[in-house]
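Read each task, have a go yourself, and then follow the solution step by step.

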Amino acid sequence: MKISPMLLTAAFLNISPGSHANAAESLEVTGYVKPAIASRYLPEAVPADRLTFGLEESKAGLRLAGESHSNWQYHIYLYLTGESLKVLTHAIGLDTDNDGDTEKVFTRSTSASRNLLRDAWAGWKPSGNFQMKFGRMAVPFTSQAQANDTELMFPDRASPNAVFLHGRDLGGLAQFDAPAGIIEVQAGLFNGTGQGLGASTEEGILYALRLDFNPRGAFSRGETGQKKDSFKYGFGAGLIANPYTLYDSAGYPATGVIDLRATTSFRMTGNGFHFLTEAIGRYKTDTMRSRPEAALGAFGQTGWYMKSGLEPVFRFGWVVEDYTFSPRHIYWGEAGLNLYVHDSYSDQKPIRIGLHYMGELRFTERELGHGASMQALVNF
Amino acid sequence: MRFAVLIIWLGLTACSPTLDDGDLGNVRYFGLIPGEAPMRLLPPVTDRNGNIYVAYGDRSRSDTEVWVGRHSGGWKSACKLHRGDFGVHGFVGMSDNDAWLWTGDAIVHVWGDSGTCHEVLDNDPVTGTLLKWKAVAPWVRISPSRATTVAIVRATAEDENYVVLLDMQRELMTNLSRLTPVGLTDLKILGTGADERIDEILFAVSYNWEGQQIHEGLIFDSNAALKRRVTLDLDVSPDEYAVLGFFQSNGGGAWAGVRDDGGLILLNENSGYDTTPEFDALGLLRTDTSLFVTGLLGSTSVAAKLANNSGLNGAREWDSPMKAQSKLQPPMTIYDERNSPVTKTSWSTVKNAINVLPLISPYPLDRYTTQSTGWLLAGPAYAGPAEDITSVGFVPIGWESP
């Protein structure tokens, strides 16, 4: 069984009283452009791949959000990025020795952009502290996954985050917070594949639960910049359970899989200081193989926004994949400097210029990689 | 942070389905194969994604065949591919979703996702002559930038042997150097081994140089740079590929190889020798910290630990193989994965399919999990035109260190 969140959304829309426009209608258009120059150095790679340099990390986003009706909200986030997907366009079998058999395949591929639609959800908010959302959105698992793309300390989320949960998914989510955001609860059902119905050989539901405890009240998940909030901190935990059936290429059930993921987090912010640490684990097993797959990871990051607009930032991350059969350890070390350029005579959002280094040590595979990027983040 | 990681780990693994010592997992029936147990089959290996690779073949035959079991279920007969006089040597490496098999003079790349095969660099791209892969390290070093192994290669048109770094994906030879001493003749490869923990590759060779017969262990690193030469003092003049399976290392400088005549070739950092232990040496077992020579003493499975100075400790009982053997009781429930959909049925007869007992093999045991390995079982058979045709299934078996 799969969830069809759009159908659910449509159903809710149909039963809502009155479909005429009213004073609650609003539309807010925001977005950002983030040109970035990035380079990567892999000493072990073949010469052609050893040093790469380009604008592939550049991104731009456009958000449309507002209220279409009393208690109903919508949010669309379009996302353009230099990240591309290699798409095979041509494949020709080659008989190199004229024996009638194909020895090699000549292929030609091209780059295609992906992730055009990042978020698209409709929300129903019957009260100030309860909301339900349906559509494509972030799964409420780690704390960092819920931060806005423009509010990250580094150009991207911590690499351990991406190992355990990547991208967005289709589903429904209930959010509750009380009192004053001291406790936040999020519970949702998602497809678990990040894809639409019938696009995968997996059939199941992903159950997600996230609890946050903020003793001094709710605060933004933004990780950077000058925050007006007084000193606040929060603890959090997330759990994902994704039982699904894996079907073979003929369409018959092959095995039942249980995929469990858990995370804990601690974050703190105040007076320009930002700190976040998260630990994440994954354990996947099935009914056939007696071969559980496990991974563990953690990261910590901190930054300090100074009055000059400068913000030095640091992050360290670690992941061990395939822990139950062939552990593969990966470490990341990152450091950088963000510079906020304000126009003191206006209320316009500041421009952020970032200069960052990222090192990746694939300890088990004995490979070290270096990366550097410079970006300018312009919000509108 | 460590505490948080520990809490998460304990919570997630509370219902762990791993196998205990001698326990058998689900049997996955994948094919009907010529022969009677023990069969002409190598211990299976798995890639990181969980695809399973099974090689049918023998040291003296040229009918090597590979099966692939997909991690999501279902099996495929991938290919029949072989070149050269000698038979199958063994799997030399695995990646996320592929494996490489060295058979005869050929290296075969097997893709787990598609279940197809391709011979790696069969011709010299410059001269076009056929290449003989005389020695291949049983380790493909995998990283985001590379999938390489170290090998000794010879072109059929000439009598020179080269040590090369072979890129398994791009099918390129780099770091090419002539095998020294220059002028050596009658090169015989006794066996190969590799230990990724210490970045060492062993080629045990025998050759004639200036009228002298020399036996040596050549230790290379994973970039094909020679680290040292170890003189072997061998009483028995060895045949080519005398070592069954591969040499294996204890991680502390000692290596062991099981010879086809029941003896052992043992090496430390400075010297090597051959010996015949007090028991029937039939296999090797590498754990995280040690290397054991395994075999039979009477009908009891035993293991003897190899010391860093290449001395062999006394044999002691290792009961994991016997525990696994005792569980081979018909009728045995199996999953027939030969075709879709998978069906659950049972075998009326069941035997160990490889060697004398489960878990005893001169080939490196695959890390199916940290304490289990993949193995093969033989089920019901029928009489074929030349020999019996036997049902074969894959099964993971739990084990404990001796």
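The exercises below work through a predicted model, moving from whole chains to single residues.

**Exercise 1. Find out how many helices and strands chain B has, and how its radius of gyration compares with the globule rule.**

Solution. 
Step 1: Start with the secondary structure. Chain B contains two helices and 31 strands.
Step 2: Look at the overall dimensions. The C-alpha trace of chain B spans about 65 × 60 × 50 Å along its principal axes.
Step 3: Now make the comparison. Chain B has a radius of gyration of 21 Å, and the globule rule gives 21 Å for 402 residues, so chain B is as compact as a globular protein of that length.

**Exercise 2. State what share of the residues is buried in chain B and in chain A.**

Solution. 
Step 1: Take chain B. Of its 402 residues, 52% are buried.
Step 2: Take chain A, which has 380 residues, 34% of them buried. Its secondary structure consists of three helices and 21 strands.

**Exercise 3. Decide whether Ile142(B) is buried or exposed, and list its contacts beyond its close sequence neighbours.**

Solution. 
Step 1: Locate the residue. Ile142(B) sits in strand E11 of chain B.
Step 2: Apply the cut-off. A residue is buried if 20 or more other C-beta atoms lie within 10 Å of its own. Ile142(B) has 24 C-beta neighbours inside 10 Å, so it counts as buried.
Step 3: Leave aside neighbours within four places in sequence. Ile142(B) is then in contact with Ser95(B), Ala147(B) and Glu365(A).

**Exercise 4. Describe what chain B brings to its contact with chain A.**

Solution. 
Step 1: Count the residues. The contact takes 35 residues from chain A and 34 from chain B.
Step 2: Find the elements. On the side of chain B that touches chain A, helix H1 (2-12) and strand E11 (141-143) of chain B each give two or more residues. H1(B) gives the most, with six residues.
Step 3: Sort by class. This side of chain B has 16 polar, 15 nonpolar and three charged residues.

**Exercise 5. Follow strand E18 of chain B to two partners and say whether each pairing is parallel or antiparallel.**

Solution. 
Step 1: Begin with E17 (residues 212-220). This strand pairs with E18 (residues 226-233) of chain B in the antiparallel sense over five bridges, and Phe220(B) stands opposite Leu226(B).
Step 2: Look at the hairpin between them. Five residues lie between the strands, and Ala224(B) takes a positive phi near 70°.
Step 3: Turn to strand E22 (residues 271-275) of chain B. Its pairing with E18(B) is parallel, over three bridges, with Asp233(B) opposite Tyr273(B).

**Exercise 6. Name the residues with the most contacts inside the largest nonpolar core.**

Solution. 
Step 1: This core has 117 residues, and those with the most contacts inside it are Tyr53(B), Val66(B) and Ala151(B).
Step 2: Look around Ala151(B). Beyond neighbours within four places in sequence, its contacts include Trp133(B), Val164(B) and Leu166(B).

How values were computed:
Residues numbered from 1 in each chain as written. Chains lettered and ligands numbered in written order. Predicted model: local features only at pLDDT ≥ 70, side-chain atom pairs only at ≥ 80, totals over all residues. Contact = placed C-beta atoms within 7 Å. Helix = DSSP H or I, 4+ residues; strand = E, 2+ residues; numbered from the N terminus. Nonpolar A, V, L, I, M, F, W, Y, C, P; charged D, E, K, R; others polar. Core = buried A, V, L, I, M, F, W, Y, C linked by C-beta atoms within 7 Å. Buried ≥ 20, exposed ≤ 12 C-beta atoms within 10 Å, placed from the backbone. Pairing = 2+ DSSP bridges. Rg over C-alpha atoms; globule rule 2.2 N^0.38 Å.
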